[in-house]
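Subject: Structure for your review

Dear colleague,

Please find the structure below.

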Amino acid sequence: MEFTLGQVASILQGKVEGDETQKVYRLDKIQEGKKGGISFLSNEKYQSFIYETEATAVIVSENFAPAKELKTTLIRVKDAYSGFTTLLEAYSQFSKLSLVGIQEPSYIDESSEMGENGFRGVFSHIGKHCKIGSGVKIHPQVFIGDRVKIGDNSIIHPGAKICSDTVIGSNCEIHPGAVIGSDGFGFAPQPDGSYKPIPQIGNVIIEDHVSIGANTTIDCATMGSTIIKRGVKIDNLVQIAHNVVIGENTVIASQTGISGSTEIGKNCVIAGQVGISGHIKIADRTTIGAKTGVSKSIKKEGETLFGYIGMEMKGFLKSYSIFKNLELIENRLRELEKKP
Amino acid sequence: MEFTLGQVASILQGKVEGDETQKVYRLDKIQEGKKGGISFLSNEKYQSFIYETEATAVIVSENFAPAKELKTTLIRVKDAYSGFTTLLEAYSQFSKLSLVGIQEPSYIDESSEMGENGFRGVFSHIGKHCKIGSGVKIHPQVFIGDRVKIGDNSIIHPGAKICSDTVIGSNCEIHPGAVIGSDGFGFAPQPDGSYKPIPQIGNVIIEDHVSIGANTTIDCATMGSTIIKRGVKIDNLVQIAHNVVIGENTVIASQTGISGSTEIGKNCVIAGQVGISGHIKIADRTTIGAKTGVSKSIKKEGETLFGYIGMEMKGFLKSYSIFKNLELIENRLRELEKKP
Amino acid sequence: MEFTLGQVASILQGKVEGDETQKVYRLDKIQEGKKGGISFLSNEKYQSFIYETEATAVIVSENFAPAKELKTTLIRVKDAYSGFTTLLEAYSQFSKLSLVGIQEPSYIDESSEMGENGFRGVFSHIGKHCKIGSGVKIHPQVFIGDRVKIGDNSIIHPGAKICSDTVIGSNCEIHPGAVIGSDGFGFAPQPDGSYKPIPQIGNVIIEDHVSIGANTTIDCATMGSTIIKRGVKIDNLVQIAHNVVIGENTVIASQTGISGSTEIGKNCVIAGQVGISGHIKIADRTTIGAKTGVSKSIKKEGETLFGYIGMEMKGFLKSYSIFKNLELIENRLRELEKKP
């Protein structure tokens, strides 16, 4: 980013006390402020830093009265903390949306369309008959196959791969290296012990406001669609198999895997490294703890599932050796109970 | 794809009742058929849809007698269901194999050879001294290092990375983002607590008819070869470490990891999120359930291993707190048993 | 590689007995030696192979006295075994460092700088205001965002993605498909059940001599930095969340995940498929066994944690069914103990 202090003040509806044409490039913590950075002072505990900071500017609240001389330039706003978070969001949006235009060489089949205000990065590929909405950012080295649709203002980060026939809604973010719409894992066993691939001719549908993490994989359906509904947030290295359906606003943390044809309800929270079997249903608002394995449908809404906690090794091995013989222990108990 | 109904009938050894020059582009479910699609009617339950469908054509069995007038064109075949699955496979093969030619810019070192009827996509890289067979499809943005060999009719999907010295057989499929032949994870501890990399100069050998999933990683051997034998099918996000050997027709589901120098037998079925220790052997026809950890060799063929099931959280925590003290429980039992 | 025997002898401070201008391209095992390969003979057990090998040259110790005529050329060194390992390392270094120059088309913004003796592969992207040190190898299809710094002699392998503001030290190796600096997974729940992204404006700092595995993902900090300290070695498909700190010389095996804001000490050894919760601290020299889940801080240094071992399925299910009722068993025991 590059803003003048005048522009910052205008975003925050505040006032610059000094040279409005100075430029800032970064958001800095006040105690680590350097030339070109902008900080904020909200908590009194940090007040002493404002006299020392080398940040170009500091956002302060209207009623801030400096006790000493200042080297930095003040921007006065109603509330310094909420002013800074506004700036944070503006900065983040700005750096995501400021890319516009076409870098060459990039590849687009002549049968495909891109909307206005978009970006097509260098070494990206867009196949046949695609419809890309307005404001869509296709970063460098992205692969987009044939007949893909992408809604307005979605961002496809570097090196993500969107396979043929995928449909992506608006305001989605697909992070670097994610693979959307690769073949489902379906093979028919043959009499000689080998496997024959089952054709995977379905697709993936991703609705609006969905986020997909780095290097996550989402397979296409065998027939029909794998569906990720509106507002779903998926972390890095997650596996979503063919024909899975994820309900609205469900959140899935890193390295979780969901097997084929399973349906997850809406507003669920699924922690990291969870495994969910195929062909089951998980009710709305289910919470699943880290590393849990779920092999049966969850019918009651709002339940919390858990399955795993580590412990100190020596104790674990001792307990575990008894655990493996629990049947024996129960037998011994039963004998004892028979005694008069 | 784009087939005329005449071409479809010729693939299926059937007969068109109507205009043979009409074109179809998609396989549709009969209840969702649209212009340009082709469906099938096999189950009587769906018969009512054939009078309403907007599909251009419907595959029916020889003896089908319409009860009403039809808007769609019939293709009569011996058995409608098996006719449709034949078409499904033809369609899938067609869309995979129809790519031919060279897109530019792409990079190939002059010392490398490609066979006939292949495809080299835009922004792909082929290093020195490679031998690429006939009919091989190198999709856009694929990386192929030096001295790589790939057998006939294999498909390397977008953005897959095939590192130097890898050997891939014929009729293999490497899905998007997979990394084959990266350095094994080997470091020698030094007296000061740091680690020195052990040179990894081996390679990966993948035999015929192997499928490797999206974003899966297979490391090269330290010396010698990591070997994936004929007919093996590996899902997404799987990790195969250096010097591992996977036997013929073994199937490995998503997010499983196999540590260095382990040998897996043939015709095994390994579910998702399994972890297998290094330097062990797993016998032929072993089945391993999801999330299981395997730390010792399995010598008897045909066994089923399992290790993990989640449960409702409150019950788990209670059981688990006792599990951690199982040793105590056994002691109490022992005391009781001593009583006369 | 391509060395003359004279060059090999000079690297090993040895002597060629024969034509010094012969060239070798490969390191071969003596029993599998072929023209263009170089082998070694150290163990007497293998001595018979030296008379048969087709390798161009064999490294032998000073005192080796052939019993028969030889077809191969000898290179005499002080100790054949340590000579070969020296050659192994030289070979490995050579093949990594011999790449120099610029392949086109590749993309670099004019505001970025690259040092001397570097390599910039075809279809790679370097954004704005980057500082790339000397001897850095940027392989084909690598993505480097804006304001990235990379220290001398680091290697970025094909298709790795280094997002904006990342700092990488010297002598690091980032393997194919790794994603460094993608957005952290942070979302603020809204009253209507949806989530609003929290801007992720921090970065990733990777110190010197760090190795990051294939398709591993390391997220940027929400604010501040995710930090991977000097000498850390991370395997494939590992997830490191936002604001995590990994201490010096810690080793992390494949498919492990570390949640946000957790601090791992130095000289730890973390095995595969481990999961570590967010906002905790792990003491120095902690060892964590495969598949373990760690949900609480580990304060004592040098501990070993473990949590998981698979077993044969039928026994597991029986033990597990009792495990789920352990509370009942304890109650029964307590009743028995009350008896006189």
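**Backbone features**

B:H279 is exposed, at a relative accessible area of 64%; here exposed means over 50% relative accessible area, buried under 20%, and partly exposed in between, with a 1.4 Å probe and protein chains only. The phi of B:H279 is positive, about 60°, although this residue is not a glycine. In chain B, the loop between β35 (275-276) and β36 (281-282) contains B:H279. Strands are DSSP runs of E with at least two residues, numbered from the N terminus.

This is a predicted model, in which local features need pLDDT of at least 70, side-chain atom pairs count only at pLDDT 80 or more, and totals for chains, interfaces and linings use all residues. Residues are numbered from 1 along each chain as its sequence is written, chains are lettered from A and ligands numbered from 1 in the order in which they are written, and side-chain values use heavy atoms, with hydrogens and water left out.

B:N249 is also a residue other than glycine with a positive phi, near 60°. B:N249 counts as buried, with 11% relative accessibility. Its loop runs between β30 (245-246) and β31 (251-252) of chain B.

Cis peptide bonds form the second topic. In chain B, the bond from B:E104 to B:P105 is cis, with omega near 0°, and B:P105 is placed in the loop between β8 (101-102) and β9 (107-108). In chain C, a cis bond with omega near 0° links C:E104 to C:P105; the loop between β8 (101-102) and β9 (107-108) of chain C holds C:P105.

With kind regards

Note on methods
Helix = DSSP H or I, 4+ residues; strand = E, 2+ residues; numbered from the N terminus.
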